[in-house]
Amino acid sequence: MAAPHGGRRGGVEGRPLKIHEYQAKSLLATFGVTIPRGGVAMNGAEAAEIARSLGGAVVVKAQIHAGGRGKGTIHDARTDEPVVLPGEGRALGGVRLVSDPDEAGRIAGRMLRARLRTVQSGPGGRIVRRVLVEEALDLESEYYVGVVIDRASARPVVMASAEGGVEIEKVAAERPEAILKEAAGPFTGLQPFAARKLAYGVGIRRDAVGKAAALFSALYRAFERTDSSLAEINPLVVTKDGQVIALDAKMNLDDNALCRHPELREMRDLDEEDPAEVEASAYGLNYIKLTGSVGCMVNGAGLAMATMDIIKLAGGEPANFLDVGGGASTEQVRNAFRILLSDHNVKAVLINIFGGIVRCDSVAEGVVEAARQVGVKVPVVVRLEGTNVERGREILTQSGLPVIVATSMQDAARKVVRAAGTRP
């Protein structure tokens with residue numbers, strides 16, 4: 001798991017701001033990336049009207065923050081049964097080629113307000129609230145191109161592959177030699193010769209190399225100027241008439257840079273985020289929900305990561321990443337503890353606080369207030385060190401809460417894992 005980054009300057013704390021495909025394409029188009037003609041629909045009638053305006057076959061694409069939509073399955077949101085169209089023996093997926101406007105309206109109507117499950121959506125899937133309706137293209141070949149930060153070289157790297165339409169992680173694992181890379185300099189960006197080298201390297205036909213190189217450069221400019229952490233086109237297609245077009249697009253924006261891009265902040269879709277994470281960000285808390293049973297409340301991202309590691313070392317699984325920060329107030333601690341306990345998977349809680357800027361007694365007061373509000377029904381293991389530690393421990397032990405005092409991180413991890421029932 002990648003370490004959540006610190007900072008409380010807006011966006012989704014500790015995670016990149018994800019945007020929908022249609023938003024990424026619109027953004028890329030402003031930098032010169034060619035995209036298909038199309039529009040976004042919120043209901044079947046709108047989808048049919050967009051298809052009619054495009055004058056031919058179209059593709060209807062469910063818009064959720066998860067990949068693998070074409071291989072996913074649409075489920076009825078009320079019954080959870082797969083949506084199977086008349087005359088077909090398999091469930092409707094999240095991407096569908098249709099031949100006329102009426103069919104586009106029907107397919108969009110079945111997708112909208114239904115639940116789409118993919119390999120990346122999690123078992124619960126995501127509710128489809130909008131669809132993208134685009135012109136169908138006469139494709140000749142598919143490619144991958146993306147820009148990421150290479151931490152080893154501390155520079156942006158543009159990657160390209162002839163394995164378009166395939167998850168790049170799978171290509172990297174099975175055929176790493178199929179991915180070509182060109183580093184971009186902090187002052188020079190992606191040089192034109194490097195862009196052409198990538199285009200030739202992945203086998204783009206000669207008469208389309210110039211267009212492909214220009215698109216690669218435009219993608220890099222979009223990545224750089226929007227302060228993205230990821231910008232990728234998969235697949236990038238070359239049509240039979242030699243056009244180079246972004247058939248699909250994905251961008252993750254750096255939440256720590258959104259202060260420079262207020263217009264990008266408006267692209268945030270709260271419906272696609274975990275409600276607890278949305279609430280936590282409103283209180284300036286760095287909270288990320290995980291899948292384990294040990295709830296964690298820690299001050300400082302580094303200490304929080306170390307706490308999760310030692311819980312795993314003790315045989316448990318953390319239920320969350322929760323950093324209350326170095327200067328958290330009693331109110332923030334109270335809200336953090338309440339949000340943590342709202343996760344029904346939490347069987348025990350570990351509070352691991354080093355009191356430097358934030359005092360241990362302030363943390364203890366916030367925990368006690370939150371516990372009285374929501375009612376604590378799980379064991380709480382506490383490891384406090386630092387400013388006013390004795391007073392903090394006293395507040396907790398006299399609160400009547402089911403508190404288990406720990407003397408070290410290792411001791412705390414063992415006790416909380418045992419309390420959660422993960423290990424005897």
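**Entry 1: two helices.** I began with helix 11, which passes helix 12 in a right-handed crossing; a crossing is right-handed if the near helix is turned clockwise from the far one by less than a right angle, and left-handed if anticlockwise. I noted that helices here are DSSP runs (H or I, at least four residues), as strands are (E, at least two), numbered from the N terminus. The axes of helix 11 (residues 360-374) and helix 12 (residues 389-397) come within 7 Å and cross at roughly 15°, which makes helix 11 roughly parallel to helix 12. For this I used axes fitted to C-alpha atoms over the stretch in contact, with angles from 0 to 180 degrees between N-to-C directions, and angles under 35 degrees count as roughly parallel. Among the residues that meet, I listed Cys360, Ala364 and Val368 in helix 11, and Val389, Ile395 and Leu396 in helix 12, where contact means heavy atoms within 4.5 Å.

**Reading notes.** This is a predicted model, in which local features need pLDDT of at least 70 and side-chain atom pairs count only at pLDDT 80 or more, while totals for chains, interfaces and linings use all residues. Residues are numbered from 1 along each chain as its sequence is written, and side-chain values use heavy atoms, leaving out hydrogens and water.

**Entry 2: helix 2.** Which residues of helix 2 (residues 44-54) are buried? I found Gly44, Ala47, Ala48, Ile50, Ala51 and Leu54, taking buried as under 20% relative accessible area and exposed as over 50%, with partly exposed in between (1.4 Å probe, protein chains only). They cover an arc of only 160° around the axis, which puts them on the same side of helix 2; the arc is that of the directions from the helix axis to the C-beta atoms. The face turned away from the buried side of helix 2 carries the exposed residues Ala45 and Ser53. I also wrote down that the cover over the buried residues of helix 2 includes strand 2 (38-41) and helix 3 (101-111).

**Entry 3: Ala208.** I placed Ala208 in the loop between helix 5 (192-201) and helix 6 (209-225), where it counts as buried at 0% relative accessibility. Not counting residues up to four places away in sequence, Ala208 touches Val238, Gly242 and Val244. Ala208 and Val238 are 30 residues apart in sequence, yet 7.7 Å apart in space, C-alpha to C-alpha.

Notes
Angles under 35 degrees count as roughly parallel, over 145 as roughly antiparallel, 65 to 115 as roughly perpendicular and the rest as oblique.
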